[in-house]
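Thanks, everyone. I would like to walk through one model today, beginning with the surroundings of the ligand and then moving to the core.

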Amino acid sequence: MPEPQPARVGTVQLYHFWSSVCSVRCRFALEEKGVRWESRYVDLFAFDQLTPDYLAINPDGVVPTLVCDGQPIRDSVIINEFIDQAFPGAPLVPADPFAAARMREFVRSCEQALTPIALLTYVKYILPKLRRRWSDEELIRQADRRPTRFLRDLHSRGIRNQIGEQELAQAALDLELLLDQIEAMLADGPWLIGPFSLADITVAPYMFRLDALGHGRFWSARQRPRVSDWYRRLSDRPAFQAATGWPDESGGGYQEVGLASHGTA
Ligand SMILES: N[C@@H](CCC(=O)N[C@@H](CS)C(=O)NCC(=O)O)C(=O)O
């Protein structure tokens, strides 16, 4: 039986936004596989994600979307599995089916952790950035246009200052539990599951985001030392640097609202 060949793919475009954790996740996978891709920048602070053209390829009005040979693929986790299967290069899913299953379990935990990440990010970064660009009336109007209930609710409550301290504290706690899980997983090896995989790639943008939001204190040589060491090795990878280093094309970056990545290790 001949070895299965990776699918033949021609043009690759990624619709993405510089700081979106789900976009970073896909840029990281593309860079790890050495895929040549073209950027289609979707400025979330200009509501590009809600234009008819973009909604035609992503009806949820979210980034990222990968368009490969003219076919859209949506959802960062699905996109990354596609990237791994469709392109040559080091595999990002463990060959052992048990390890692959554990990897997907962990990836699912990361998908669930998008809610606490989004809550913290919204209050500390997204809302302050949006308020520098738009009036509250306009933001309320745009919140109602979000196709998904989750984003409609997040933006509608956020703009009305209804995301309270207790909810944010719970979000931080949920993320600390994820970090505890990572600390435990790293007892078995240098990467989360077997060789470097989509498990490491999937959670990496959350680490970068937590660091940018000032939560780098969640890990250190004393607190969660294995997380600290793993994140240092993760951030040394050229693909991680390319993925997280995409510039804020409309300017300002995290610094605009008093935040910055401190490169905590
Ligand atoms: N499950 C989706 C979630 C995508 C998502 O929520 N993307 C956010 C940025 S990380 C977004 O586009 N938000 C648009 C908005 O807030 O209007 C995925 O993994 O791709």
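Around the ligand there are 13 residues, of which S20, C22, V62, V63 and S76 come nearest, a residue being near when its C-beta atom, placed from the backbone, lies within 6 Å of the molecule. Two or more residues of this shell come from each of α1 (21–33) and α3 (76–86), where helices are DSSP runs of H or I with at least four residues, strands are runs of E with at least two, and both are numbered from the N terminus.

A word on provenance: this is a predicted model, in which local features need pLDDT of at least 70 and side-chain atom pairs count only at pLDDT 80 or more, while totals for chains, interfaces and linings use all residues. Residues are numbered from 1 along each chain as its sequence is written.

Turning to the whole protein, we have eleven helices and four strands, and the C-alpha atoms fill a box of roughly 60 × 50 × 30 Å along the principal axes.

Now the core. The largest nonpolar core has 58 residues, with A199 and A204 making the most contacts inside it; such a core is a set of buried Ala, Val, Leu, Ile, Met, Phe, Trp, Tyr and Cys residues joined through C-beta atoms within 7 Å, and buried means that 20 or more other C-beta atoms lie within 10 Å of a residue's own, with C-beta atoms placed from the backbone. Helix α9 (residues 198–212) gives the most to this core, namely ten residues. Leaving aside neighbours within four places in sequence, A204 is in contact (C-beta atoms, placed from the backbone, within 7 Å) with F28, L234 and F240.

Methods
Buried ≥ 20, exposed ≤ 12 C-beta atoms within 10 Å, placed from the backbone. Contact = placed C-beta atoms within 7 Å.
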